[in-house]
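Visitor: I have a structure open here and some questions about it. Can we go through them one by one?

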Protein chains: 2
Amino acid sequence: MRDLDEIVLGITDLDAEHMKAAQERQNTLTKPAGSLGILEQISIRLAGMQGTTRPVIGKKTVIVMAGDHGITEEGVSAYPADVTAQMVYNFAAGGAAVNVLAKQAEANVVVVDVGVNQVIDSKQVIAKKVRPGTANMTKGPAMTRDEALAAIFVGVEIAEEVIAKGASLIATGDMGIGNTSASSAIISILGSIELKDIVGRGTGVDDEGFDRKLLAIRKAIDVNKPDSQDPLDVLHKVGGLEIAGLSGVIMACARRRTPVVIDGFISSAAALVAAKIAPKSVNYMIASHLSAESGHSLALAEVGLTPMLHMNMRLGEGSGAVIAMNIIHSAAKLMQDMATFEEASVSEEIPVEKIK
Amino acid sequence: MRDLDEIVLGITDLDAEHMKAAQERQNTLTKPAGSLGILEQISIRLAGMQGTTRPVIGKKTVIVMAGDHGITEEGVSAYPADVTAQMVYNFAAGGAAVNVLAKQAEANVVVVDVGVNQVIDSKQVIAKKVRPGTANMTKGPAMTRDEALAAIFVGVEIAEEVIAKGASLIATGDMGIGNTSASSAIISILGSIELKDIVGRGTGVDDEGFDRKLLAIRKAIDVNKPDSQDPLDVLHKVGGLEIAGLSGVIMACARRRTPVVIDGFISSAAALVAAKIAPKSVNYMIASHLSAESGHSLALAEVGLTPMLHMNMRLGEGSGAVIAMNIIHSAAKLMQDMATFEEASVSEEIPVEKIK
């Protein structure tokens, strides 16, 4: 297996010189300085990633990683585990929300089976199954450390391939019945946040289901005693295959200086794993939406990200990240195409001493 | 002049039957019910506006209304008043932020001079000047009641024309140095909100400028004593020509059952005027972003709207509303193109009694 250090050590700082030049250009564009808010910040960060004052967004791809979760045996989800595989076929057929939203954003959808608990027979799905679902983590580790590493490298390889084919903006997406349980465990341990502040209703469990879910996650943590200082220990004991895969996607994007848009709760768990393994990977992450799932804002804050969309979504699949892709594209276009004060003969701000 | 009642009385409730059918269709689509959050709500509201279960978004247009403000004499803005006209030419030439963002959203930009304090000589600008800027409202009414009505009807006519040409989604945009002052006054009076909770930095005045601005708006209210129960009285005494025009755009959209996307602080003042004159017009409004301008969230709440974009923008021009257009388009597409549980052979939620 490849060495994770090769990826981690290859992730660099943003290009400060080009960010400074990009900030200067923003200040010459026909608008009050800073008035485009997050759009300006994104354009400047893109400049730092791409090493140019005029960043360009070309091809877009959302990578949807699918995997199953043994903890579903504990009745933590409102949906049967079979839905993971069924939704993978739905992605392949183009019928899911992420397909419709990706079309609107002119993004490709790449679907990866990194650990679905059924044989997936579709040419539209990249077969990279590390194992058929995780084990029930209330009874032992979700997977071995090597399996977690293998799932990370599935993500790394897919992202590298997609980037090699020309993708300049990548979004993370997930599918896995039970994966809000694994994500909650990861965020609680790696973020040192009380479990009860993180666990939410997922796809919509009722009160009883919620209690069962909280209890099951707590048991998984008690049984496995993950080491909060060792992200891989946490990932393999209480994580998921698709979460590991997405953390690989994120680190590979960072390694290739490619912006990666973080979707909802599950993707934020993957982002937190990536941030703990490779702190500089945060430079290349762009948050998209604030999920209705209660722990999401805490997870994003722990990574150091601020979401721009408040849509009350809680679907996963990359659905929120894909919506943000158009906005990120716009941020780059503004830097490219807006007129400067000079070009448009627009007066600049009145010097303070001359007002009134 | 046409009678405003003709517009107001023509605005109807949303079509409850089609909204119910749209909600039922949403519940058959392959996702947990409600998990698309605001996207689902928008699709259902669009169904109620268009009177169909499958709403369609076709042509999009942002209407940018420009007007000047006599209160700029009081030194309330960081930019000289000339910038209004200069920016109108910038819109006409395609160099402003709203042009770039509209292109990304595949929206037309319609620029209207409803009260710029200079002769605007451009074929790209619709000449509908009611008067060359408002009077300095710290010394008397900003305009006459008839002028306010005339400006409203400029908006009504432009919106009707744009809709007649096929626009199915309209966004509001504004340009007018000094217009955060007029908007603050309107929102304070019509919303019964303390002025100090509403007034912000606009395009970026410094501390001294901020104090001057607050004082000038307070003086304008004291001098004119607008009647909070009479929206037209408020609009003509402490309002602006472009704000009046936009309230006309909003009411005309509602009259034609066409969704209208409300931009930032200025547009929210126009939305509040429209909501007070024609309460049912709120049915057809969709909020876009939450501005960095401090009073914006209060104004939107008073109208009864919730913004979906938190971008820290404070530019106006329709820049935030145009970004939301793509998202609204996506909401309609999801309703059209997502597979149902049955079509995709995906299992539905587990009945409560069968879990575990």
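This is a predicted model: local features need pLDDT of at least 70, side-chain atom pairs count only at pLDDT 80 or more; totals for chains, interfaces and linings use all residues.

Visitor: OK. In what kind of crossing does helix 11 of chain A pass helix 12 of chain A?

Guide: Helix 11 of chain A passes helix 12 of chain A in a left-handed crossing. Helices here are DSSP runs (H or I, at least four residues), as are strands (E, at least two), numbered from the N terminus.

Visitor: At what angle do helix 11 and helix 12 of chain A pack?

Guide: About 25°, with the axes of helix 11 (residues 265–277) and helix 12 (residues 296–303) of chain A 9 Å apart. Axes are lines fitted to C-alpha atoms, for helices over the stretch in contact, and angles run from 0 to 180 degrees between N-to-C directions. Helix 11 and helix 12 of chain A are therefore roughly parallel to each other; angles under 35 degrees count as that, over 145 as roughly antiparallel, 65 to 115 as roughly perpendicular and the rest as oblique.

Visitor: Which residues of helix 11 and helix 12 of chain A make the contact?

Guide: From helix 11 of chain A, F265(A), S268(A), A271(A), L272(A), A275(A) and K276(A); from helix 12 of chain A, H296(A), A299(A), L300(A), E302(A) and V303(A). Contact means heavy atoms within 4.5 Å.

Visitor: New topic. What rotation superposes chain B on chain A?

Guide: One of 180°, with 0.0 Å of shift along its axis and an RMSD of 0.0 Å. The two copies are thus related as by a two-fold rotation axis. The superposition is by least squares on the C-alpha atoms of residues with pLDDT of at least 70 in both copies.

Visitor: Which residue of chain B comes closest to the rotation axis?

Guide: L309(B), at 2.5 Å by its C-alpha. The copies meet through the same surface, because 100% of the interface residues of chain B are also interface residues in chain A.

Visitor: How many helices and strands does chain A have?

Guide: Chain A has 14 helices and six strands. Its C-alpha trace spans about 70 × 45 × 40 Å along the principal axes of chain A.

Terms used:
Residues are numbered from 1 along each chain as its sequence is written. Chains are lettered from A and ligands numbered from 1 in the order in which they are written. Side-chain values use heavy atoms; hydrogens and water are left out. A crossing is left-handed if the near helix is turned anticlockwise from the far one by less than a right angle, and right-handed if clockwise.
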